[in-house]
Amino acid sequence: MSDFGSALESGARLLRGLPRRRAHVAQARRTAAAWAADHPGLQAQLVVDERPGTPVVDFDLLLSDPEGGTVALSAQAEDGVPWLIDHSTHWAAGQLVTVDEVHLSVAQALTMIRSLSRRDTTPHDEIVDQCLIINEVAGDDGPVSDEELQAAADEFRRGRGLHDRAATLAWLTEMGMTPGQFEDYIGGIARRRSFRRRKEAELGPARLAARPGDFDRVRAAWITGPEGDVTGNLPVLAALHGAGTAALAELDGEVETVIAERFAADLPAPLREAGPGTVAGPVPHGGGFLAGAVLGRTAARDDERTLAAAGRVAFTEWLAERRRRAAVEWHWS
Amino acid sequence: MILILSDRRDDAVELVLPKLERRGARVTWWDPGDFPARGRLTAAFADGGHRIVLDTGAERLDLAEVRAVWRRRPNAPRPAETVTEPSHRRHAVWQAEFLLDGAWELAPARWLPSRREVERRAHNKIIHMARAAALGFRVPETVYTNDPAELVPAYERAGGNLIAKQINSDEFTLDGADHRTYTTVLGRRHLTSRHRLQHEPVILQPYVPKAVELRVIVVGERVFAAEIDARDSRTARDDWRHYDDDRVRYAAHRLPDGLERACAELTASLGLTYGAIDLILTPDGEYAFLEINPNGAWGFVEQRAGLPVSDAIADWLVAADGIAEHAMSAPVNDTATHPANDTVDGKTDHE
C-alpha cells in the first residue's frame, strides 16, 4: 500500500476512536493534532461538527492529496446505535426553562425579555413568573377586547419610546418581527394583563380585610446612605414628629432623603408597622443603611385606590406562592 | 352511562367533562392503570348470561349500563406496590389485560376512537398509508426500511430534500437524558452513517413543501381542520411539534368537500370513530397525506384555531343512547344480564 493509502487507513482508525461527545471535543482535537504531527506532509485538519440539541458530534479529517486537492475522510463506527437515535435531539433542545406545563423556548424567552419590567426582581424570577401566568391563561381562549389590546400595545410602545407608526415599524424590522407576529405578541401580553387585573380584583378585598393595617396611608421620611452618616442623623429623625420636615434639608454626611405618603405595604420594611413618632433603623438596605420616621398614619379606607393596592399586594403574594409550588427546570446545557 | 378511560391528569378529558355535564350525561372517569391495584373487576356467568361489574373504588359500575366509551389515554394495568417480584408483576399485568380486553369487548357500547386492538392496527403507518392511498389521498413517495442500501437512492430521488421519521413513537435515552426523534431533514452528513439503518426501520420521504400544515380532526361524521403555519418559526417549520407558539399561526381551515368526506371515510374505514389526520397543503394548492393518529391531540385545535372539538366529542358520546333527551330519568337495571352474542363489533357499531 502507498504511504497515502496507509495514511487513509490510519486516519479512518483515528476517526473511529475519537469520542463523539461535545464534552470530549478538546480531547479529540488533541488526539487528532498528535496524529497530524505524525503525518506532517498531509496538513491534516480535524473538522468538528457540533450538532444542535444533542451531545453527539461528528468528525471529518481533511488531508492534502499528494496528487493535488483535498481528501475528506469521515468514518462512523459500528457501535450498535440505531440511525434515528444517533440523530435524535434532547427533549428540551431549544428550550430555556420548563415551568409546570409551560415549555419556554429560547426564542420565546428572547421575545419575553422585551416585555420584562426589570423591577424588584431578577430576570430569572420574572421569566418564571411570566410562565406561571401563561400556565394560568393557557385554557383562556376567550376574545381579548379591542380596548385591552390597545392598552397593552400603548403601554408596550410607550415603554420603548415607539411614539408613532414609523418608529414601531422600524423597531419591528430591527427585532425581526412581522406585524402579524407583533399583533400576536401584544395579544399574549393583553391576555396576561387581563388575567392579572381579574386576579387582583378577585383577591384585593379579602387581602384588605385580612390585614387592613398594610393599607394605612402613612406619611414618613427616611434616609439611606453609609452606616455612619445614617446613624449620625438619627437625632434629626427623632425630632421630626411635630416639628416639621425642614430639618431634613440640613442633614450631615452623604444621605439621600425621601419624604412621602404611601400605603404601609409600599414603605421600607422597618416603617410599615411603625406608629407616628417612631424612629426605625438603621438597618442594612440596598448596599447601605436606612433609617426613618413615621410622621403620620391614617387608617385604611375601603376605596378604589386602596382596593387596587390590596389587589396588587395580594397578586404578588399569590404569585410567590405559585412560584414556591411550581416545578421549575432550567435547561442550560 | 359514559365511561372515560384515561389518566387522571388528562387535560383533554377536563375539556370535555363540563360539556358532558351540561348535556346531563352520567359519566365515570376511570384509569385502567388503577387495575388491579385499586379497581376491582368481576365478570360472572350464570343462567346463560353474564354480568360484568367494575368497582372503581368510588362507585360500582355495571358495564351493561355503559353506552359509550371514550378510550383516551389509559395507562396499562399496574399491580399493587406490594407485588414486588418482577415476574409476579408481569404475571399480574398479563392476567389483568386479558380480563379487561374481554370486559371491554362484551360491554354493549360504542367506542371513541375504538377498542385497543382496532386502534393499534389503525395506528400502524403502513396500514393507514395504504388505506389512504387506496382512497385517493395524495401520498408522498415513501420508503419504510431498515436496508442501508435504500438511503442514498431515496436521497437522490428526493433531489437531496429527504426527511426521516420514526415508524412509531417511543421513549429512549441518550447518555441518560430523554431524547426525541422529530422529523429530521437529512443532509449529506446523515448518509455517512447509513449502516445504522440496519438496527431499526425508519420512514424516508421527500420533503413536501408547505404552504401550511393541517391537523384534521374527525369525530364521527364531523370534520374539523386547523391549519398550522410554521413558516416563520426556525424551530417548528419542519415539525410543528416543537410548539413555537409565538411564531406559529393556527387558524381554522376549510377543506375541499371531497377531501373532507375522504377524511371521514378514511377514519371510518380503519374502524375508528375519531382520528387526527396530518396533511400538508403545498404552495401549489395540493393536499398531501402524512398520517392518521387514532388518538391524536386536538386540544390546540380547539384552543388555537377555535374549533369546537370538545363539543363534538361530547355530542358523540351523549348520542350513544339519547342521554340528552332523558338524561337522569332513564331506568337503571342493576341486575340486567346480557347474552354473549350481544357483543358489539367496533366497526359495525359506528357505521
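This is a predicted model: local features need pLDDT of at least 70, side-chain atom pairs count only at pLDDT 80 or more; totals for chains, interfaces and linings use all residues.
Visitor: Next, a helix. How many residues does helix H2 of chain A have, and how far does H2(A) reach?

Guide: Compare the end-to-end span with what 1.5 Å a residue would give. H2(A) covers residues 25–38, so 14 residues by the 1.5 Å rule are expected to span 20 Å, and the helix reaches 20 Å from its first C-alpha to its last.

Visitor: Which residues of H2(A) are buried?

Guide: Count neighbours: a residue is called buried if 20 or more other C-beta atoms lie within 10 Å of its own. In H2(A), A:Ala28, A:Ala32 and A:Trp35 are buried. Looking down the axis, the buried residues of H2(A) sit within an arc of 55°, so they line one face of the helix. The face turned away from them carries exposed residues: A:Ala26, A:Gln27, A:Arg30, A:Ala34 and A:Ala37.

Visitor: What do the buried residues of H2(A) pack against?

Guide: Their partners in chain A are helix H1 (3–17), strand S1 (45–50) and strand S2 (57–64).

Visitor: Now a single residue. Is A:Val128 buried or exposed?

Guide: A:Val128, which lies in helix H5 (residues 123–137) of chain A, is buried because 23 other C-beta atoms lie within 10 Å. Leaving out residues up to four places away in sequence, A:Val128 touches A:Val99, A:Arg323, A:Ala326 and A:Val328. Take A:Ala326: A:Val128 is 198 residues from A:Ala326 in sequence, yet 9.1 Å away in space, C-alpha to C-alpha.

Visitor: On to the two chains. How many residues does each chain bring to the contact?

Guide: Count each side separately. There are 30 residues from chain B and 29 residues from chain A. On the chain B side, strand S10 (172–174), strand S11 (177–180) and helix H6 (188–191) each supply at least two residues. S11(B) gives the largest share, 4 residues. By type, that side divides into 8 nonpolar, 12 polar and 10 charged.

Visitor: Which strand of chain A is joined to S11(B), and how do they run?

Guide: Look for bridges and their direction. Strand S4 (residues 89–90) of chain A is joined to S11(B) by 2 bridges, and the strands run antiparallel. To find the spot, go to A:Thr89, which stands opposite B:Arg180 in S11(B).

Notes
Residues are numbered from 1 along each chain as its sequence is written. Chains are lettered from A and ligands numbered from 1 in the order in which they are written. Two residues are in contact if their C-beta atoms, placed from the backbone, lie within 7 Å. Ala, Val, Leu, Ile, Met, Phe, Trp, Tyr, Cys and Pro count as nonpolar, Asp, Glu, Lys and Arg as charged, and the others, Gly among them, as polar. Two strands pair if DSSP finds at least two bridges between them. A residue is buried if 20 or more other C-beta atoms lie within 10 Å of its own, exposed if 12 or fewer, and partly exposed in between; C-beta atoms are placed from the backbone. The arc is that of the directions from the helix axis to the C-beta atoms.
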